[in-house]
Amino acid sequence: MKSILVIGAGKFGHHLAEYLCEMDNDVMLVDKNETLIDEYSDKVTTAQIGDFTIKSNLAALGVEDYDYVFVCAGDFQDSLVITSYLKELGASYVIAKASSLIHEKFLLRNGADRVVYPERDSAYNRAVEYSTRNVFDYFKLNEDTGIYEIAVPESWVGKSLAKINVRKIHNVTVIAYKLNGKVFPINSPDYVFSSNEHLIVMGERANIKKVAK
C-alpha cells in the first residue's frame, strides 16, 4: 500500500484518486473547489478543501510524508506553482499532468519528477485499438512496445503455449488471458488457448499486428 496525495479533483484527478483507492492505497484528495470535494470525499481515504497554491497550505498537508504526489490542477500556472512548492517542501516524488510539450518542459524545470499526458495517452490508445484488427485494449509502455488485449488467433485455439512457441516465433509475450471481464495470469507453458477468451500480450506493435490479423 502506498501513501498518495492527489492535488486537483477535476476529471483526471478524481478518477485517478478513486482508482488508486480501489487498489488499496491510502489516498488524500484535495482541491479548492468545495463542491468537488463534497462529491468525491466518500470515494477516497481522506479529502480536504483549500487553496494549495499557498505554500503554507501545502506544508500543512505534510507533503514530505507521501510516497507520491500527483499535481492534477486544471490551471497550468497553478500546476507550476504547486510543483515548485512541493519540491521546496521535500515531496519525494512529484507527478504532474500536462497537455503540451511546453507545459512538460516548464513542469520538469520546476521540479516535477515525471510528467503525464492523460488526454494524449488516452487518444493514442484508442487510435491503436480502433485501427488494429482484433485489438480490444492497449497500454503504451514506450514508443514501440505496449500491452495489448487481443482475440485468440484462430490457429492457436486448442494448442498449448509451448506448442505454438509464441515468444520465439512471434516475438510477443503472453502474460494472461481474460474471460468474462476477469484477468488470469498464464504461468504454465502447458496452457491451452480457447476461442472464448482474450489474451493479454506484450510486444512491439508491428509484431502484435501480425498476430492479431
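Leu5 stands opposite Met28 in β2. This pair belongs to a predicted model, in which local features need pLDDT of at least 70, side-chain atom pairs count only at pLDDT 80 or more, and totals for chains, interfaces and linings use all residues. Residues are numbered from 1 along each chain as its sequence is written, and side-chain values use heavy atoms, with hydrogens and water left out.

**The chain overall**

The secondary structure comes to 9 helices and 11 strands. Both are DSSP runs, numbered from the N terminus: helices are H or I with at least four residues, strands are E with at least two. Along the principal axes, the C-alpha atoms fill a box of roughly 60 × 35 × 25 Å.

Of the 213 residues in the chain, 41% are buried. Buried means under 20% relative accessible area, exposed means over 50%, and partly exposed lies in between (1.4 Å probe, protein chains only). The chain exposes about 11,900 Å², and carbon and sulfur atoms supply 50% of that area. Accessible areas come from the Shrake-Rupley method with a 1.4 Å probe; for residues, only the protein chains shown count as cover.

Contacts also describe the fold. Take those between residues at least 6 apart in sequence: 50% of them join residues at least 24 apart. A contact here means heavy atoms within 4.5 Å.

**The parallel sheet**

In what order do the 6 strands of the parallel open sheet lie? The order is β3-β2-β1-β4-β5-β6. Its edge strands are β3 (46–49) and β6 (114–116), and each pairs on one side only. Neighbouring strands are turned by 20 degrees against each other on average, direction ignored. Two strands pair if DSSP finds at least two bridges between them. Axes are lines fitted to C-alpha atoms, for helices over the stretch in contact; angles run from 0 to 180 degrees between N-to-C directions.

Strand β1 (residues 3–7) runs parallel to β2 (residues 26–31), and 5 bridges join the two. Ser3 has Asp26 of β2 as its bridge partner. Why is β1 largely enclosed by the rest of the structure? Because 4 of its 5 residues are buried.

**The antiparallel sheet**

A second open sheet has 5 strands in the order β7-β8-β11-β9-β10, and the pairing is antiparallel. Here β7 and β10 (182–185) are the edge strands, each pairing on one side only.

Strands β9 (residues 172–179) and β10 run antiparallel, joined by 4 bridges. Ala176 finds its bridge partner in Pro185 of β10. Helix α9 (residues 205–212) lies across β7, β8 (145–151), β9 and β11 (198–204). Its angle to β11 is about 145 degrees.

One nonpolar surface patch consists of Phe139, Leu141, Ile175 and Met202, with about 330 Å² of accessible area together. Patches are made of residues with over 30% relative accessible area and no salt bridge; like charges are joined within 9 Å, nonpolar side chains (Val, Leu, Ile, Met, Phe, Trp, Tyr) within 5 Å. Phe139 is found in strand β7 (residues 135–140).

**Salt bridges**

How many salt bridges does the structure hold? There are 4. A salt bridge is a side-chain nitrogen of Lys or Arg within 4 Å of a carboxyl oxygen of Asp or Glu. The table includes these pairs:

| Pair | N to O distance |
|---|---|
| Lys32 and Asp78 | 3.4 Å |
| Lys55 and Glu88 | 2.8 Å |
| Asp113 and Lys87 | 2.9 Å |

The side chains of Lys32 and Asp78 meet in a salt bridge. This pair links distant parts of the chain, 46 residues apart: Lys32 sits in the loop between β2 and α2 (34–40), Asp78 in helix α4 (residues 76–88). Lys32 counts as exposed at 53% relative accessibility, whereas Asp78 counts as buried at 18%.

Lys55 forms a salt bridge with Glu88. Lys55 lies in helix α3 (residues 55–60) and Glu88 in helix α4, so the pair ties together parts that are 33 residues apart in sequence. Lys55 is partly exposed, at 33% relative accessibility.

Asp113 meets Lys87 in a salt bridge through their side chains. Asp113 is in the loop between α5 (101–109) and β6, and Lys87 is in helix α4; this pair links distant parts of the chain, 26 residues apart. Asp113 is partly exposed, with a relative accessible area of 35%. Lys87 counts as partly exposed at 28%.
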